[in-house]
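Let's take a walk through this structure together. Have the sequence and the 3D view ready, and follow along strand by strand.

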Amino acid sequence: MTATVSVRAAAPPPGGATRVVAAGVSVAVFDLGDELVAVDDRCLHRGGSLSCGLVRAGTVTCPEHWWRYDLRTGERVGAPRVRLRRYPVRRVGDGVLVQVPAPAAAPPASLRQALLEHARRWRRSR
């Protein structure tokens with residue numbers, strides 16, 4: 001099971017969006033009326049903020065270059081193999097709770113650091 005980080009945020013306005021940052025990940029949360037949807041806030045084309053995009057009929061249009069995504073599936077309209085990452089989201093009171101994967105431990109910057117860390121762990125296990 002993958003570890004997750006949960007973050008609370010203000011709920012988006014009906015038919016609108018809000019931006020949430022958790023574990024270094026920017027997430028756009030959309031209120032589609034009958035459900036909440038959370039996806040990566042970065043457009044896959046040039047990285048535009050989707051939380052600033054135009055939302056109509058369950059679709060968001062990137063404000064920078066007009067790529068459109070179906071929010072219920074994360075698929076790019078006209079190119080279903082291109083899709084945004086989706087995240088679990090639920091309403092909690094008058095806010096929302098979004099879950100994103102916990103960040104992975106950063107790999108050592110060098111072989112020397114990796115060997116030193118291995119030696120520290122070995123020493124503690126003795």
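**A covered strand and its neighbours**

Begin with β4, a mostly covered strand: five of its five residues are buried. Buried means under 20% relative accessible area, while exposed is over 50% and partly exposed lies in between (1.4 Å probe, protein chains only). Strands here are DSSP runs of E with at least two residues, numbered from the N terminus. The model is predicted, so local features need pLDDT of at least 70 and side-chain atom pairs count only at pLDDT 80 or more, whereas totals for chains, interfaces and linings use all residues. Residues are numbered from 1 along each chain as its sequence is written, and side-chain values use heavy atoms, leaving out hydrogens and water.

Which strands pair with β4? One is β3, antiparallel to β4 over five bridges; two strands pair if DSSP finds at least two bridges between them. Here Asp31 stands opposite Leu36 in β4. Four residues lie between the strands of this hairpin, where Gly33 takes a positive phi near 90°. The other is β10 (residues 86-87), also antiparallel to β4, over two bridges, with Tyr87 as the bridge partner of Ala38.

Now look at the side chains. A nonpolar core is a set of buried Ala, Val, Leu, Ile, Met, Phe, Trp, Tyr and Cys residues joined through side-chain atoms within 4.5 Å. The largest has 13 residues, and Phe30, Val39, Cys43, Leu50, Tyr69 and Leu71 touch the most other members. β3 (25-31) and β4 (36-40) each supply at least two residues of this core. Apart from it lies another core, of eleven residues, including Ala22, Val29, Ala38 and Tyr87.
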